[in-house]
Amino acid sequence: MRHHRTVLSALLGAGLALTLGTVPASAATAPESPTAGAAQSFVAYEGSAQDVKATKAFFAAVLKHVAEKQAANPGARVVTVTYNAASAPTFRAQIAESTRIWNSSVSNVRLQEGSNPSFRYYEGNDPRGSYASVNGLGRGYIFLDYRQNQVYNSTRVTSHETGHVLGLPDNYRGPCSELMSGGGPGTSCTNAVPNANERARVNSLWARGLASAMKAAR
């Protein structure tokens, strides 16, 4: 248990450090949704250095909350990560399909909608496009941008962003068959399913339950 607390403290510190500068100061409990430049927001799907930092901070925040919820059973082989989609009603069908895709693709971690969530989905217009990040309180969220989801396949966008929950980074130079290539293959790509390597990576990250994923996030 002492080792578990030490790892958790280190993870929280890393997550906080990576969070700096990724979210407007006014976003204390939820992300802001600026409309300026929204027409060009889909370009952000090609990635940036800020995206990398925000994604790492997001994964750290989700793991921290899951660890708090599962402290009574930290060695559980199958970890359940709970989410809330109430603030993204437009994308409820895509979120449900993304959850189905991931739950049928991997075996060591499971996504589930429910109370006391480890991350939330939001929707709106944002010149950064869709992304995974943390708010001012260090809680994880996925933001789904309207414009980007009109230009790219919406289920692919949602499934891609949800992949960050499970620890996968972006790889925009990959082919359409690689889910985490995001918008790299272009707007004609509609694949929303992780490939064999991505599935194996997630199962490996969570192979020994929560402790394994936390170690990988350090």
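## Terms and basis

Strands (E, at least two residues) and helices (H or I, at least four) are DSSP runs, numbered from the N terminus. Two strands pair if DSSP finds at least two bridges between them.

The model is predicted: local features need pLDDT of at least 70, side-chain atom pairs count only at pLDDT 80 or more, and totals for chains, interfaces and linings use all residues. Residues are numbered from 1 along each chain as its sequence is written, and side-chain values use heavy atoms, without hydrogens and water.

## The sheet

An open sheet of mixed pairing is built from five strands in the order β2-β1-β3-β5-β4. Because β2 (109–113) and β4 (131–134) are at the edges with a single partner strand each, one side of each has no neighbour in the sheet. From one strand to the next, the twist averages 30°, where axes are lines fitted to C-alpha atoms, for helices over the stretch in contact, and angles between N-to-C directions run from 0 to 180 degrees.

Three bridges link β1 (residues 79–87) to β3 (residues 119–124) in the parallel sense. Asn84 stands opposite Arg120 in β3.

## The β4–β5 hairpin

β4 and β5 run antiparallel and are joined by four bridges; Val134 has Gly140 in β5 as its bridge partner. Five residues lie between the two strands of this hairpin, and Gly138 in the turn has a positive phi of about 75°.

Tyr131 and Ser133 on one side of β4, and Ala132 and Val134 on the other, are all buried, meaning under 20% relative accessible area with a 1.4 Å probe, protein chains only. In a regular strand, side chains alternate between the two faces of the sheet.

Methods. Buried < 20%, exposed > 50% of the residue type's maximum accessible area, 1.4 Å probe, protein only.
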